Every structure is written in structure tokens, then in C-alpha cells.
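User: Please take a close look at the pockets of this protein and tell me what lines them. I would like one connected account that I can follow with the model open beside me.

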Amino acid sequence: MSTNTVDDKRKVTTVRLQQMKDRGEKIAMLTAYDYTMAQLVDAAGIDAILIGDSAANVMAGYSSTLPITVDEMIMYASSVVRGAKRALIVCDMPFGSYQGNSDVALANAVRIIKESGAEALKLEGGEEIRESIEKIISAGIPVMGHLGLTPQSVNKFGGYGLRAKGEAEAQKLIADAKLLEQLGCFAVVLEKIPAALAKQVSESLSIPTIGIGAGSGTDGQVLVLQDMLGMNGGFSPKFLRKYADLGNVITESIGQYVSDVKAVDFPNADEQY
Ligand code: KIV
């Protein structure tokens with residue numbers, strides 16, 4: 001029996017994600033940031049929900065993920081935790097909360113887990129954040145790695161383009177992926193790298209890889225919810241498949257409501273006491 005159908009009500013854990021990789025079943029992950037959407041995403045049978053720091057973009061309107069704070073991530077994550085019952089809940093650690101002192105990283109990790117109820121954390125980077133990952137994992141908190149395009153490093157990269165096109169960067173990514181596995185990460189996100197490289201890394205690791213803009217050779221896929229539902233206007237990168245046109249549905253519905261109110265068509269006789 002498939003383990004990621006809506007009929008399967010068993011809680012998804014990091015152990016179950018590993019079992020999915022082991023038997024060749026793909027992992028479906030999406031972001032969510034609030035209670036209502038988390039309920040809908042969970043009911044649809046998603047395996048894992050990421051409270052991405054992309055909340056900075058799609059929820060708060062910032063042009064990068066850099067400004068979002070630990071307090072804000074806790075607020076978004078606790079809302080998702082209240083809405084989702086089945087999916088594994090992974091929360092991003094925001095920029096500045098884990099890149100420096102590893103004791104500070106551990107304190108922030110413990111705070112996010114304690115105050116939000118999330119079950120795992122995602123951190124961007126490899127060797128540079130090794131100490132933080134080690135301390136967080138040794139506290140019993142599952143860690144998901146994130147390599148390739150790591151948006152918290154946008155100012156270093158100079159944009160959001162394809163990463164690891166050249167041999168040196170590809171070799172570093174391969175080494176970092178191995179390191180994350182050795183440190184005990186339960187999965188690794190591979191963002192916006194060549195599909196052939198993502199496939200090679202996925203085949204060389206025993207832990208699952210989750211791709212975004214990394215082709216079909218990864219063990220799972222993740223997308224930003226608002227992007228795949230067509231709520232994010234002009235954002236149409238090549239890797240994005242839009243499963244709905246909710247942006248237009250919402251705007252048209254609200255436009256109709258405005259007309260109905262102005263025309264005194266709403267509420268009608270059946271819609272009042
Ligand atoms: O913040 C986010 O939404 C992410 C995904 C794009 C992987 O990190």
C-alpha cells in the first residue's frame with residue numbers, strides 16, 4: 001500500500017521518509033505558513049510541510065529571505081503545526097540564527113522546536129555550518145540540509161541563478177552533501193542545480209534528497225505553495241509547474257463581491273436573519 005495517500009493517516013516521521021527512499025517511493029513536500037493552508041495541504045496527503053523562510057517573500061513581501069526573524073518563524077510554524085496532523089513539519093532556521101556561534105545556533109534551534117512544535121529544522125550550507133549542525137543533531141533535533149542555491153547567501157552569489165554549473169562548485173556540493181549525511185542529517189534539499197548533478201548526488205547518498213529546480217532524479221520534490229497554486233503573479237521560473245490559477249480566482253471572486261455589495265445584491269433575502 002502506498003504510504004503517501006490521503007487514506008494513510010499514519011504520522012509521517014523522518015524514519016518514514018528514509019523508508020520511502022529505501023523503497024524508491026518519491027517524497028512530496030510543499031511549504032505552508034498558516035493554519036488554514038496547512039490543513040488543506042495536509043488533507044491532500046503531502047509527506048512533509050516546510051515552513052520556509054520564503055515566508056519573508058510570500059507572506060511578508062520582503063525582496064529576500066534575509067530579514068525574517070526567529071520570532072516570526074515561530075509564529076508561522078506554530079500556526080502550521082496547529083493545522084497539520086499527518087505531515088512531517090520542518091521549519092527553516094532564519095538567516096543569522098545559526099551561521100555564527102554554534103551555542104547560539106543550538107539555543108535558537110531549541111527555541112524554535114519548543115515554541116512552535118515543529119519536528120525538524122532546515123539549515124542552509126555545508127562545511128561552514130558543520131559545528132551548528134553537530135550541536136543541533138546531538139540535542140536530538142532532526143536536521144534537513146540545504147545545498148545549491150541557498151537564498152540566505154544571495155548577496156554572496158549576486159542573484160538567484162543556477163548553482164554548481166562549474167566543476168569546482170559541483171565538487172564542493174558533492175563533498176558537502178556527503179558531510180551532511182555523515183553528520184546525521186535526515187535529508188538534504190538540492191536547490192537549482194543541474195539535473196545530472198542532483199541525480200548523481202541523490203544516487204550517492206543513502207539519505208533522501210528533495211529537489212527544487214534540480215530535475216527528476218532527486219528522491220522528492222518541494223515547491224513554494226503560493227508559486228505552485230499560481231498566486232505569485234509574475235514569478236515563473238522554468239522549474240515551476242503551476243497547478244492552479246488561484247491568483248485570478250481570488251481577484252475575480254473579490255471583484256464580484258465588491259460589485260455585489262455596491263449593487264446591494266449581497267446580502268439577499270436568504271442571507272440575512
Ligand atoms: O524557504 C523555502 O521555501 C525553501 C524551499 C524553497 C526549499 O527553502
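Analyst: The largest pocket holds about 540 Å³ of space. A pocket here is an open set of points, on a 1 Å grid over the protein atoms alone, where a 1.4 Å probe fits and protein lies on both sides within 12 Å along at least five of seven lines, and lining residues have an atom within 4 Å of a point. Grid points are joined across faces, edges and corners, and the volume is the space filled by probe spheres set on those points. This is a predicted model, in which local features need pLDDT of at least 70 and side-chain atom pairs count only at pLDDT 80 or more, while totals for chains, interfaces and linings use all residues. Residues are numbered from 1 along each chain as its sequence is written, and side-chain values use heavy atoms, with hydrogens and water left out.

The lining of the largest pocket comprises 30 residues, and Ser-54, Asn-57, Pro-151, Glu-191 and Val-224 lie nearest its centre. At least two lining residues come from each of α3 (55–58), β6 (187–191) and β8 (220–223), where helices (H or I, at least four residues) and strands (E, at least two) are DSSP runs numbered from the N terminus. By class, this lining has 14 nonpolar, nine polar and seven charged residues; Ala, Val, Leu, Ile, Met, Phe, Trp, Tyr, Cys and Pro count as nonpolar, Asp, Glu, Lys and Arg as charged, and the others, Gly among them, as polar.

The second largest pocket holds about 400 Å³ of space. It is lined by 22 residues, of which Gly-125, Glu-128, Thr-150, Lys-156 and Phe-157 are the closest to its centre. β5 (143–148), α7 (154–157) and α8 (167–183) each supply at least two residues of this lining, and α8 gives the most, with four residues. Here the classes divide into seven nonpolar, eight polar and seven charged residues.

Thr-150 deserves a separate look. This residue sits in the loop between β5 and α7, and Thr-150 counts as buried because its relative accessibility is 7%, buried meaning under 20% relative accessible area with a 1.4 Å probe and protein chains only. Apart from its neighbours within four places in sequence, Thr-150 is in contact with Glu-124, Gly-125 and Phe-157, contact meaning heavy atoms within 4.5 Å. Of these partners, Gly-125 and Phe-157 are also among the residues closest to the centre of the second largest pocket.

Notes
Buried < 20%, exposed > 50% of the residue type's maximum accessible area, 1.4 Å probe, protein only.
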